[in-house]
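Good morning, colleagues. Please look at the sequence and the structure on the screen while I go through a few local features.

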Amino acid sequence: MSTGESQKILEMESFHTRFSAWTPFSNKSLNRQLFQERVALISHWFDLWTNKQRQEFLFTMLLRCTKSQLRFVQDWFAERKQVARVDFCTVLPRRLALYIFSFLNPKDLCTAAQVSWPWKFLTEQDCLWMPKCVRFGWFLPYTPTDNEYGAWKRHYIACVSNLDWLTPREATAVYGTLNEPKTEDEELQERRREKYLRKIIWEKIALHKKQLFKARPPWGSGACCSRLVSFSHQPQPSQVGQEREGLCEALEKQLVLASLDALPKRSNVSGSHSYPLLPKKTLHGVYENEDNTSHTSQLHVILISSRIPAYEMVVDSTKAGAVAVVYEHSGMTLESLLCLVDRALHGQKAHSVGIFSDGDSRGINLLKGYKIAIKNLLKPEVRDFWEKLGSYVATEEEGGHVDIFVPLGASEEGIEVLSQLSQLTGTFFTAPTGIATGSYQHIFSDWLGLEWLQLPPTIYFNESKLQTWSNLSDSLEDTLKSVRKELNPLFKDLQKSISGRMVGQFLFDTMNLAHILNIQETAQVLADGLVELSKADSDKPLEFLSHFLLKKCSKKSSNSEGNVTLMECDPEETFGSLGKEKTITEDSSEDPESSLSKSSLNVKVLAKLSERRYVQTLEIVRDVYVRPLRASLGSNRAILSAANVQIIFADILQILSLHRQFLDNLRDRLQDWGPAHCVGDIFTRFGSQWTPYTNFFNNYSVVLKTIEKCRDMLPAFRAFLKRREKSIVTKMLSLPELLLHPSRRFEEYTSLLYALRLYTPAGHVDREDLTTAINQIKNYQGFIDQMKENIKRKEQLSDIQKIVWGCPVLSEVNRYLIRVQDVAQIHCCDEGVSFSLRLYEQIHDLSLFLFNDLLLVSSRATSHMPFERTPKTTYHFIASVTLHSLFVEDIPDSKYVKNAFVLQGPKHEWICATEAEVEKFLWLSALQNTIRSSMK
């Protein structure tokens, strides 16, 4: 090949192109130059294109890119152009997203639900809407299922739609106000007036500070001379500062009150006329005469004991003008209590002092170990306490008084305590009469010797809050009764165990083992004495224990002879003081004049307070509930149907009419009251007219179910109940709570009739009628108790049916639960050997439910949850056996098994064993007695 041909081939290779006839393939420099020229050309064309053409070009280019090239574009955008519009619901955890949505109000939540499906799902969660419903007292009438959401939102919308909305004009007609915006001139005038008042106040304060500075002694600021002056002549810096601050605050408060009192009222409700500006001369005149004005607020102090249940609510219900002082019931003395009162008064005199403590009609449980009654009222420390407390209160001529929130006015001993306190201190003492229902309801009854219009509870407390606390304390007392009933056996065993340990430790420390074995009976008596001492909570434990031991000695000596040392102690002389009190009580009933006066007093209290208060409670049901519901029947917006109104309120209205007639009979009898008059015949006639009560108690469960059903199904009725219950008109009670009063009324009648008969002489004509009335009420109370027992039995059956999985229907007529026993099911490993050598092993835990006609057998499983101390117990149904086909066989105790027995039915057999021998004995005796009773 020639040289020219080779050079020609080389030039052709150097200009060889790839994907373009004009791009050199092997010449990199030329290739780079041509690439830059084409990029510049394309950029020039891109600048000349329209927006649509640019978008088409970019779309075409992105379609031709590979995945790595697209990733390069994405990274470039992530570095230079941050993406700001990201849905936080899809990025953040659901808990944080719900927390963000919780700050929105209901209207904003409904708006956010329209953004997208994720937002709709989150904004309709129950955790967002439930607090908004509970805040207004709108509770869901059912429990939502696991897969249901949005129930609380729908409930909120339904409740809001049933509210009564008022326009501004309608609100003006109802409430007398109209919220219209003020004009600019009115706002400017008010700002100027406020600024001017503040300037005047600060000028007066500065002038007063200058006067205080001038009045200081010349040695107060010296450094050397002040050390030579006696300390008694130099005021303490803390006292000077406190006096200065107190004077400044009092001056500022009086200036503000005086300026506000001098302002005229607005001329109309529209607010067109604002308050005029006071001239400077008028303001100075007000301030110059401030020392001559008698605008001083009365100081009221209330002492609240920590023994009061939920005393925090009592403190919260105090008014702004009352000073609440909480003191500990245990661990304090009378002197420390006086120090608290002195500290609260700051050297001033109180217009009234109240004592809110525990107690009864005979005394005040002021502190632990200090029960103020007749017997200890004249002790030096008690007398000194009351005299000092009376010195803190204004005199009786000035209207000062001491209010004791204990029903001392309900008995003669309590009235005597009040009279002696008034004589000791020279201050007027008052207390409630105590004729009221429920726990701590006596504070709302009539008070003794009131000459002013305002009752003591309204002086210190907010009436609605105090009524709420009283109802809560009543429910707490009922709860505590049930708790005490359940824990009473445990506490008894615990008391015996602790007292036994104490006696045992004492005997082992003082005697040897031989002596201990000989005095086991003495140790048992000491243990019983310690148990009784813990129950009595006596102030003198040694005297109480000695009296208890003497009683035991007298009983022992009367049953056996030979113990001469014990017979030397005469128990009659030891307990002579107790016998005297009983003799005085018996002698007092033999005095006809005093008995008749007391009987007359009790009859008047019964007629004017107890029966009247009960009738007023029934009239609340009629006025607050029945009349508005019946009035709505005649309109187009009926709240409840006529049939439901008749079912709920027909019986209670008949009871109201019956008691109004009974109250009228009592009032007619009291008009011409005398020693020979009787009141028992009225109660006897009243006892033969209890048909409305019988109808009410028979329909009681139907009434409550009707109220619950209408509340759940009718939003209008639910809103109607919400507006009326828990208000001052209804004494902070709901409709079901008001319907409880008829069942409690018979217990009050029993107590009152016993009091009447106690102060009625044996030969009086009225005594026989009172005895007949008491028997009538007792018989009817037995009927009520039987109905309560039947309802309780039905609840027990339903509870057992709920907790036992797979349990058949247990609710049948006359069936009730007798005993529940936890046992271990055991299995015999080898039945071929004799009973004494048989080995048993536990296979299951069983629970035996004994009813009056059958035995229910269920398995019992116990599981522990993480971080929980209390285990969870579950029951599974195994079998139910009728008692007349159940065979019971005892297994004697051996080396390998104890406390075992056999239960054999038609198809099953269980070998069971209890933990203790006592449990086995009680279970078998109850089972045998029940089987015998079922076969009769």
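Asparagine 814 is found in the loop between strand E9 (804-805) and strand E10; strands, of at least two residues, are DSSP runs numbered from the N terminus. This is a predicted model, in which local features need pLDDT of at least 70, side-chain atom pairs count only at pLDDT 80 or more, and totals for chains, interfaces and linings use all residues. Residues are numbered from 1 along each chain as its sequence is written, and side-chain values use heavy atoms, with hydrogens and water left out.

Asparagine 814 has a positive phi of about 65 degrees, although it is not a glycine. Most residues other than glycine have a negative phi. Is asparagine 814 buried or exposed? Asparagine 814 is exposed, with a relative accessible area of 63%; buried means under 20%, exposed over 50%, and partly exposed in between, with a 1.4 Å probe and protein chains only.

Asparagine 899 also has a positive phi, of about 60 degrees. Asparagine 899 lies in the loop between strand E14 (887-891) and strand E15 (900-904), and is buried, with a relative accessible area of 9%.

I turn now to a sheet. Three strands form an open sheet in the order E4-E5-E6, with antiparallel pairing. Its edge strands, E4 (358-359) and E6 (370-372), each pair on one side only; two strands pair if DSSP finds at least two bridges between them. E4 and E5 (residues 364-367) pair over two bridges, and aspartate 358 stands opposite asparagine 365 in E5.

Finally, glutamate 831 lies in the loop between strand E10 (817-828) and strand E11 (840-851). Glutamate 831 is exposed, with a relative accessible area of 56%.

Technical notes. Helix = DSSP H or I, 4+ residues; strand = E, 2+ residues; numbered from the N terminus.
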